[in-house]
Amino acid sequence: MHRKATRVLIGVFALFFGGLPGLVLAQASAGNLAEVWVMTIKRGQQANFEAAFKQQVAIRAQNKDPRAWNVYVPVTGDQLGRYSLRTCCFSWADQDAYTAWTNSTPASMGDWFANVDQYIESYEHYFNEMDIDNSNWVAADTPVKYIGITDYFIDPAKGQDFTSARIELSQIALNQGWSAGGHHWVWTSQVGGEPKASLAVPFANFAGMAPEGPQFPEFLGEQMGAEATAALVGKFSSGTTGSSYTLWEHRPDLSSGASN
């Protein structure tokens, strides 16, 4: 394979199509949406925030919150004072029902603004649409401690090129034997904010992050040949303006459900 194409492939896929314990992926009947809140905490207030947040979790449990919320914190990067709250998996119609529940449960929101909000510097809110047909997110009871997320920032003028290349690469992995080797991943698209697609992979521990066996670039080259591989990877890369990688750790002590 051409050296440049190999380097690009390693950067894009080798770290992320790893064989790791799976998480629960939404079934088509359950919907393919996740809701995500990202909160940046005021400097030096993490301990106070966590104490107040645990109180909020208890209040929501008392009021029978119909959704399980999982909390993750970044392990890498330069914005470590963040907490990501995520719930999955539902349809747009389900969101109407949850909004109605929230509006009819003033106790939880009253506590939030009285006790939790004071420790928060800023909020971000998104929905993520999961591309189930092009993912291999295996259902399992094994807890997942870390999730590696690569965010690809999409060039609006070349978004279709990126999407078609992403789908083709994923279908090769799914149909030509790569996924059968215990490799798991999920693609998501962000609703809100700048155009962005993300590739998420679960890890049981740090040891599981070490590459083992043949990597995806080798596999892809065997399936397509060097020239076709370079063309497809070039199409994928040209559809983005950049990317970033963050490793997130699941915090079961702050969560209200199993990781998902």
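Predicted model: local features only at pLDDT ≥ 70, side-chain atom pairs only at ≥ 80, totals over all residues.
How many nonpolar, polar and charged residues does the lining of the second largest pocket have? By class, that lining has 14 nonpolar, eight polar and four charged residues. Residues are numbered from 1 along each chain as its sequence is written, and side-chain values use heavy atoms, with hydrogens and water left out.

**View 1. The second largest pocket has a volume of about 550 Å³.** The pocket is lined by 26 residues, of which Trp37, Arg60, Trp69, Tyr98 and Met109 are the closest to its centre. Two or more lining residues come from each of β1, α2 (46-62), α3, α4 (106-116) and β4. Helices (H or I, at least four residues) and strands (E, at least two) are DSSP runs, numbered from the N terminus. On a 1 Å grid over the protein atoms alone, a pocket is an open set of points where a 1.4 Å probe fits, with protein on both sides within 12 Å along at least five of seven lines; lining residues have an atom within 4 Å of a point. Grid points are joined across faces, edges and corners, and the volume is the space filled by probe spheres set on the points. For the classes, Ala, Val, Leu, Ile, Met, Phe, Trp, Tyr, Cys and Pro count as nonpolar, Asp, Glu, Lys and Arg as charged, and the others, Gly among them, as polar.

**View 2. The largest pocket has a volume of about 800 Å³.** Its lining is made up of 34 residues, and Ile149, Asp151, Lys196, Ser198 and Trp248 lie nearest the centre. At least two lining residues are supplied by each of the strands β1 (33-41), β3 (82-90), β4 (120-130), β5 (146-154), β6 (186-191), β7 (196-203) and β8 (240-250). The lining divides into 16 nonpolar, 11 polar and seven charged residues.

**View 3. Tyr98 and Trp101 form one of the 13 aromatic pairs in the structure.** Their ring centres are 5.5 Å apart and their planes are at 20 degrees, so the pair is stacked. Rings of Phe, Tyr and Trp (its six-membered ring) pair if their centres lie within 6.5 Å; planes under 30 degrees apart count as stacked, over 60 as edge-to-face and the rest as tilted. Tyr98 and Trp101 are three residues apart in helix α3 (residues 92-103), which means that about one helical turn separates them. Both Tyr98 and Trp101 are buried, a term for under 20% relative accessible area, with exposed over 50% and partly exposed in between (1.4 Å probe, protein chains only).

**View 4. Phe162 and Phe236 form a tilted pair.** The planes of these two rings are at 45 degrees and the centres 4.8 Å apart. Phe162 belongs to helix α5 (residues 159-175) and Phe236 to helix α7 (residues 226-238), so the pair links distant parts of the chain, 74 residues apart. Phe162 and Phe236 are both buried. Elsewhere, ring pairs join Phe49, Phe53, Tyr83 and Trp112 into a cluster.

**View 5. Arg67 meets both a ring and a carboxyl group.** The charged end of Arg67 sits over the ring of Tyr98, 4.3 Å from its centre (NZ of Lys or CZ of Arg within 6 Å of the ring centre and within 35 degrees of the ring normal). Arg67 also forms a salt bridge with Glu35, with the closest N and O atoms 3.2 Å apart. A salt bridge is a side-chain nitrogen of Lys or Arg within 4 Å of a carboxyl oxygen of Asp or Glu. Arg67 and Glu35 are both buried.

View 6. Asp131 is in the loop between β4 and β5 and Arg166 in helix α5, 35 residues apart. Both residues, Asp131 and Arg166, are buried.

**View 7. Arg60 and Asp65 form one of the six salt bridges in the structure.** The N to O distance between their side chains is 2.9 Å. Arg60 counts as buried because its relative accessibility is 17%, and Asp65 is buried with a relative accessible area of 16%. In another part of the model, Glu50, Arg251 and Asp253 are linked in a network of salt bridges.
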